[in-house]
Amino acid sequence: MGEVLLGGVLIQGDGSVRPGWGLAHHGGVIERVGPNDGVRTASPDYAVLDHSDKIISPGFVNAHMHSYGMLSRGIPVQNEIPDFRAFLYDFWWPGLEDRIDHQMIRATGRAAALELLNSGVTTYCDVLEAPHAIPGALDAHARAIEEIGIRAVLSFEATERVSRENGIAGLEENVRFIRSFAEHPLISGMMCFHTTFTCSPDFVRRAHEMAQGMRLQFHLSESVYEPEWCREHYGKLPVELYDEWGILSGQVLAAQGVVLSDEEIDILAERGCSLVHVPLSNCEVGGGFAPVPELLERGIVVGLGTDGYINNFIEVMRGAYLVHKASHRNPEVMSADSVWKMATIHGARALGLDSVGDLREGAAADFVVTRADLSTPVTADNAIAQYVLFRNPGDVIDVYVAGRRLKHNGELVGIDLERERAAVREQARRLWPAGSAE
């Protein structure tokens with residue numbers, strides 16, 4: 001049987017706020033969206049859930065993350081990390097990515113998915129770099145999260161930093177996974193490579209050729225390191241190189257984009273590329289503040305991601321809303337509406353997904369019910385800002401994916417969360433330096 005949800009306020013992906021609206025869903029699809037009385041009358045045989053004191057919104061779309069990054073939380077750091085290059089070469093690659101195996105992938109995949117669900121994320125894109133865990137790394141991840149019921153786009157970040165052969169194996173891992181999960185209702189794949197400084201021009205072109213008809217993603221200028229490296233080795237900036245190599249198009253999704261010139265932004269806009277903003281992770285690694293207001297002004301589709309650092313997606317939304325005001329010294333920069341679109345409909349567009357990130361007839365029944373008991377009245381004018389600034393995962397009551405309720409009355413359904421956390425702790429003991437995880 002279908003359900004009718006009567007809402008206090010319904011917020012759509014484009015930022016439209018509809019007081020007194022609700023929705024009807026059946027068979028994993030939203031059938032109707034409109035005023036509560038009309039939706040209830042049009043679906044007389046459906047179960048009716050009264051959420052007239054709550055907010056109904058699209059499920060959030062986390063457009064970029066690394067689930068395995070959970071294992072780095074609190075990890076002892078043996079040497080100083082003065083800059084982004086040292087972060088990668090001296091810590092992240094040897095300490096994490098080069099040691100990730102299937103057990104770690106499975107444990108972190110499940111726990112990260114649950115953290116996201118808890119804050120209202122119904123779709124996420126995960127990027128896995130574990131060069132010594134292929135082949136089969138993506139299958140291990142997919143099978144670990146399949147029973148949870150979250151919607152996921154999984155990719156393997158191919159790179160030549162270990163060897164060219166290992167890099168080609170990473171590209172083949174993506175193609176094999178994309179094909180084998182082509183008919184899966186919730187899990188899909190995407191082609192992915194790392195950056196200009198870990199991939200040769202021929203390798204990047206090969207990734208692009210293998211991605212024909214598929215979306216292609218990569219990390220872009222996460223700090224000053226990549227632009228400076230490209231100037232030194234090629235005499236050009238990263239986006240200029242990618243344009244010269246002929247890989248930029250509307251199929252491209254670039255992550256980070258912290259250090260971009262005006263000319264690079266213009267190229268991205270002209271080629272129709274999308275970008276994912278990960279504000280809190282950029283702060284953590286000292287990368288800087290991405291020029292998101294400028295990207296939006298150029299009409300570039302910008303999604304929002306956690307990067308696997310802090311997986312409370314509402315907190316990441318809050319960060320995106322606040323940090324640009326501070327960096328620009330302008331309280332009018334980055335409206336709550338802009339952040340909302342990044343977290344919903346634009347994140348979906350960045351991933352090439354048409355049926356999620358919005359509440360409309362025919363869309364997937366991926367939505368969230370959140371308490372509206374704020375300290376001041378929730379109105380059509382302030383509902384989005386109130387949500388972004390003052391809601392938290394504990395206020396998220398129900399989360400649906402494809403019409404299946406995965407969080408109910410504030411609790412994840414059918415999941416022993418402590419068991420999943422214990423599994424990650426056990427893998428951290430394997431990964432961390434001997435004795436440091438005790």
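This is a predicted model: local features need pLDDT of at least 70, side-chain atom pairs count only at pLDDT 80 or more; totals for chains, interfaces and linings use all residues.
Student: How many salt bridges does a search of the whole structure find?

Tutor: Side chains of opposite charge can pair when their charged atoms come close. In this structure the search finds 29 salt bridges.

Student: Which residue forms a salt bridge with aspartate 98, and what parts does the pair tie together?

Tutor: The partner is arginine 161, with the closest N and O atoms 2.7 Å apart. Aspartate 98 sits in the loop between helix 2 and helix 3, whereas arginine 161 sits in the loop between strand 8 and helix 5, so the pair ties together parts that are 63 residues apart in sequence. Aspartate 98 is partly exposed at 25% relative accessible area, and arginine 161 is partly exposed at 22%. Both residues also belong to a network of salt bridges that links them with Glu97 and Glu129.

Student: How should I read the pair of arginine 176 and glutamate 173, and is each residue buried or partly exposed?

Tutor: Their closest N and O atoms are 2.7 Å apart, and, being three residues apart in helix 5, they are separated by about one helical turn. Glutamate 173 is buried, with a relative accessible area of 1%, while arginine 176 is partly exposed at 38%.

Student: At what angle do helix 13 and helix 15 pack?

Tutor: The angle is about 70 degrees, with the axes 9 Å apart, which means that helix 13 is roughly perpendicular to helix 15. Helix 13 contributes Ala336, Asp337 and Trp340 to the contact, and helix 15 contributes Ile384, Ala385, Tyr387 and Val388. By class, six of these residues are nonpolar, none is polar and one is charged.

Key:
Residues are numbered from 1 along each chain as its sequence is written. Side-chain values use heavy atoms; hydrogens and water are left out. Axes are lines fitted to C-alpha atoms, for helices over the stretch in contact, and angles run from 0 to 180 degrees between N-to-C directions. Helices (H or I, at least four residues) and strands (E, at least two) are DSSP runs, numbered from the N terminus. Angles under 35 degrees count as roughly parallel, over 145 as roughly antiparallel, 65 to 115 as roughly perpendicular and the rest as oblique. Contact means heavy atoms within 4.5 Å. Ala, Val, Leu, Ile, Met, Phe, Trp, Tyr, Cys and Pro count as nonpolar, Asp, Glu, Lys and Arg as charged, and the others, Gly among them, as polar. A salt bridge is a side-chain nitrogen of Lys or Arg within 4 Å of a carboxyl oxygen of Asp or Glu. Buried means under 20% relative accessible area, exposed over 50%, partly exposed in between (1.4 Å probe, protein chains only).
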